[in-house]
Amino acid sequence: MHRDNRLAYWRANLRLLAICLCIWFVCSYAFGILLVEPLNTIRVGGFQLGFWFAQQGSIYLFVALIFFYAWRMNHIDKEHDVHED
Amino acid sequence: MSLQALTYVVVGLTFALYIGIAFWSRAHNTGDFYIAGKGVSPIANGMATAADWMSAASFISMAGLIAFLGYDGSVYLMGWTGGYVLLALLLAPYLRKFGKFTVPEFIAERYYSRTARIVAVICLIFISFTYVAGQMRGVGIVFSRFLEVEVTVGLIIGMGVVFVYAVLGGMKGITYTQVAQYCVLIFAYTVPAVFIAIQITGNPIPQLAFGSEITGTGTSLLDKLDDIVTSLGFNQYTSGSKSRIDVFCITMALMVGTAGLPHVIVRFFTVPKVRDARLSAGYALFFIAILYTTAPAVGSMARYNLINTIQPGEVGAVDGNLRYEQRPDWFRTWEQTGLVIFDDRNGDGRVQYYDDSNPDFAGQAAEYGWQGNELVVDRDIMVLANPEIAGLPDWVIALVAAGGIAAALSTAAGLLLVISAAVSHDLIKGIFVPDISETNELRAGRVAAAFAILIAGYLGFDPPGWVAQVVAFAFGLAAASLFPVILLGIFSKRVNREGAIAGMLTGLLFTYGYIEYFKGLFLKWAGAPWGDNVADQWLFGISPEGIGVVGMCLNFAVAVAVSARTSPPPERIQHMVEHIRVPRQLDSEWIDAKDPPR
């Protein structure tokens with residue numbers, strides 16, 4: 001049981017990591033670099049959207065992503081009863 | 001009071017603040033000098049990490065580079081923030097659970113090898129020396145401007161100050177000093193940005209202002225900027241000139257490098273709990289993001305103000321350009337440092353500033369009677385000169401100087417501590433002279449730090465690039481050498497000693513060799529660089545700043561391939577990895593089942 005629980009915990013962690021890293025990749029590399037030209041045709045205020053993602057948006061999303069991961073991970077820790085104290 | 005006197009006062013006051021806090025907190029806890037952050041709230045710890053992390057490259061150099069690079073400058077913005085995501089998700093919680101103090105210690109234990117430890121120390125020294133070299137140039141620029149001396153003299157003074165501050169003072173490690181440094185530098189960065197944002201757009205929030213309309217016109221700042229820079233032959237501000245693969249690779253190298261930087265990683269070794277390690281990376285990035293989202297606004301507004309000063313009238317009109325005789329004060333003072341250079345090529349007594357390397361614009365320029373670009377502005381001065389160009393009050397200018405010094409000193413001190421710990425703790429005590437006395441260990445560490453300052457100073461005289469670029473090389477080296485083996489050490493149980501050593505050496509040598517070949521780093525005296533640093537010579541079109549990504553891929557490939565052909569790590573190491581992966585302390589019952597190595 002212990003071993004299964006441990007493996008299940010690790011699998012849940014890896015799944016969450018995969019989701020978070022996808023978001024990380026999309027908001028920086030995809031929106032800010034690979035798709036910057038098509039996105040630049042969309043305007044938000046005085047910004048071209050691709051340029052905005054490269055110089056502003058990606059950074060906001062990074063901050064949000066870390067807090068989201070920390071929150072989800074604490075939840076998973078408790079679910080599998082491996083949390084500290 | 002003159003600007004210079006005011007600068008002395010403000011810089012002096014901030015120093016008094018740091019020293020005061022250092023004494024105050026030292027009296028209360030002498031014991032845990034090295035263990036920063038224990039019993040400190042995650043928010044204060046986040047600020048301290050942010051101060052440690054944001055260096056002369058972030059504070060002085062980055063916005064200036066963005067001002068001249070436009071969209072291409074995004075590589076620094078995304079690269080130096082996105083790395084925290086990797087750090088928080090992939091490394092920090094596990095290294096915290098492991099619970100040792102230095103990166104080479106982790107590598108030595110996980111890869112059960114003293115050789116691996118030596119190789120890790122060598123990687124770490126390469127990374128940190130390159131990084132400090134970038135800082136010293138930044139320190140030199142700040143001192144040269146405010147003492148109104150040549151940049152080389154400023155550099156020597158800066159080396160002296162860093163030596164006293166970091167090596168003799170030993171102030172690093174006191175979290176509240178760094179919290180104070182963070183407050184000084186973020187205040188110094190945002191105040192002028194807010195002022196200039198109000199001046200240009202009427203919107204006080206810089207992050208929004210650079211997408212707003214310029215007061216009194218119907219056009220937004222970025223559109224206007226695109227317009228005026230292209231009318232002078234420059235690249236459009238909002239689209240880049242670097243190739244896509246290069247932008248991609250530089251961003252990746254900086255991100256992965258951030259996660260592999262030893263002086264950043266060590267901060268997460270010492271937080272009280274695993275879940276604090278996850279959270280404090282978030283707080284650190286939050287505080288870093290305040291500066292990093294302001295920087296592109298500062299960059300665009302600085303470029304706008306600079307061009308408006310040089311080119312107040314219509315482009316091409318006889319009286320459209322600034323008369324040299326009527327140049328503003330900031331122009332004069334920066335000329336003394338040799339970082340702003342004017343050369344009246346067409347002898348008309350006016351300053352022409354345009355892109356004379358653009359063949360499409362050459363005909364137009366000749367028509368205007370221009371005979372080449374006459375103004376060279378060092379990119380690294382833009383943040384410091386920006387408030388002067390905008391005509392802000394003297395106290396704001398003095399504050400920016402104090403902020404720049406805080407940024408450079410806090411990071412230089414952190415790096416020097418890592419270098420001295422690596423040499424004295426990991427190399428001398430850990431490997432060569434295990435029974436060294438504590439006094440001698442400390443002495444060896446100080447000698448190593450002094451030596452690092454000398455090398456950094458030497459590189460600062462003839463830097464291979466802008467401050468932020470030199471620092472980018474350090475990140476490439478970190479990405480290619482340390483990050484892959486730390487990551488594999490946690491996420492794979494199969495990668496062994498032989499694989500890790502081969503991987504680190506491959507990544508380090510490849511990346512270092514490439515940078516040395518195209519840019520010249522430590523071997524300039526031997527004739528480096530040997531290659532032409534142009535895009536069609538580069539491997540896959542990747543510049544030396546981005547080559548760390550290729551080094552990283554080689555490192556991963558070699559480590560996995562070599563491990564597959566040699567025997568797996570001993571069982572106790574595989575158990576150790578199981579322990580690292582789970583936040584709670586496990587009893588032996590948890591681990592007894594035999595898992596196949598993965």
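Leaving aside neighbours within four places in sequence, B:V179 is in contact with B:A44, B:M47 and B:A48 in this predicted model. B:V179 belongs to helix α8 of chain B, which covers residues 175-201, and is classed as buried because 21 other C-beta atoms lie within 10 Å, where 20 or more are required. A separation of 136 residues in sequence lies between B:V179 and B:I43, whereas the distance between them in space, C-alpha to C-alpha, is 9.7 Å.

B:I43 and B:M47 also take part in a helix pair, being among the residues of α2(B) that contribute to its contact with α13(B). The axes of helix α2 (residues 42-53) of chain B and helix α13 (residues 274-310) of chain B come within 8 Å and cross at roughly 55°, so that α2(B) is oblique to α13(B). The crossing of these two helices, α2(B) and α13(B), is right-handed. On the α2(B) side the contact is made by B:P42, B:I43, B:N45, B:G46, B:M47, B:T49, B:A50 and B:W53, and on the α13(B) side by B:D276, B:L279, B:S280, B:Y283, B:A284, B:F286, B:F287 and B:I288. By class, the residues of the contact of α2(B) with α13(B) comprise eleven nonpolar, four polar and one charged.

The largest nonpolar core has 227 residues, of which A:I66 and B:L185 touch the most other members. The largest share of this core, 22 residues, is supplied by α17(B). With residues up to four places away in sequence not counted, B:L185 touches B:A51, B:M54, B:F59, B:G403, B:A406 and B:A407. Elsewhere in chain B, B:F68 lies in helix α3 (residues 56-69) and is buried, with 20 other C-beta atoms within 10 Å. The C-alpha atoms of B:F68 and B:L392 are separated by 22 Å, the two residues being 324 residues apart along the chain.

The contact between the chains takes 36 residues from chain A and 43 residues from chain B. On the side of chain A that touches chain B, the elements giving two or more residues are α1 (2-34), β2 (47-48) and α3 (49-79) of chain A, and the largest share, 16 residues, comes from α3(A). This side of chain A divides by class into 21 nonpolar, eleven polar and four charged residues.

A:D81, found in the segment after α3 of chain A, has a positive phi of about 55° although it is not a glycine, and is exposed, with 9 other C-beta atoms within 10 Å. B:Y112, likewise not a glycine, has a positive phi of about 35° and is placed in the loop between α5 (103-110) and α6 (114-146) of chain B. With 15 other C-beta atoms within 10 Å, B:Y112 is partly exposed.

Definitions and conventions. Residues numbered from 1 in each chain as written. Chains lettered and ligands numbered in written order. Predicted model: local features only at pLDDT ≥ 70, side-chain atom pairs only at ≥ 80, totals over all residues. Axes fitted to C-alpha atoms, helices over the stretch in contact; angles between N-to-C directions. Helix = DSSP H or I, 4+ residues; strand = E, 2+ residues; numbered from the N terminus. Parallel < 35°, antiparallel > 145°, perpendicular 65-115°, else oblique. Left-handed = near helix turned anticlockwise from the far one by under 90°. Contact = placed C-beta atoms within 7 Å. Nonpolar A, V, L, I, M, F, W, Y, C, P; charged D, E, K, R; others polar. Core = buried A, V, L, I, M, F, W, Y, C linked by C-beta atoms within 7 Å. Buried ≥ 20, exposed ≤ 12 C-beta atoms within 10 Å, placed from the backbone.
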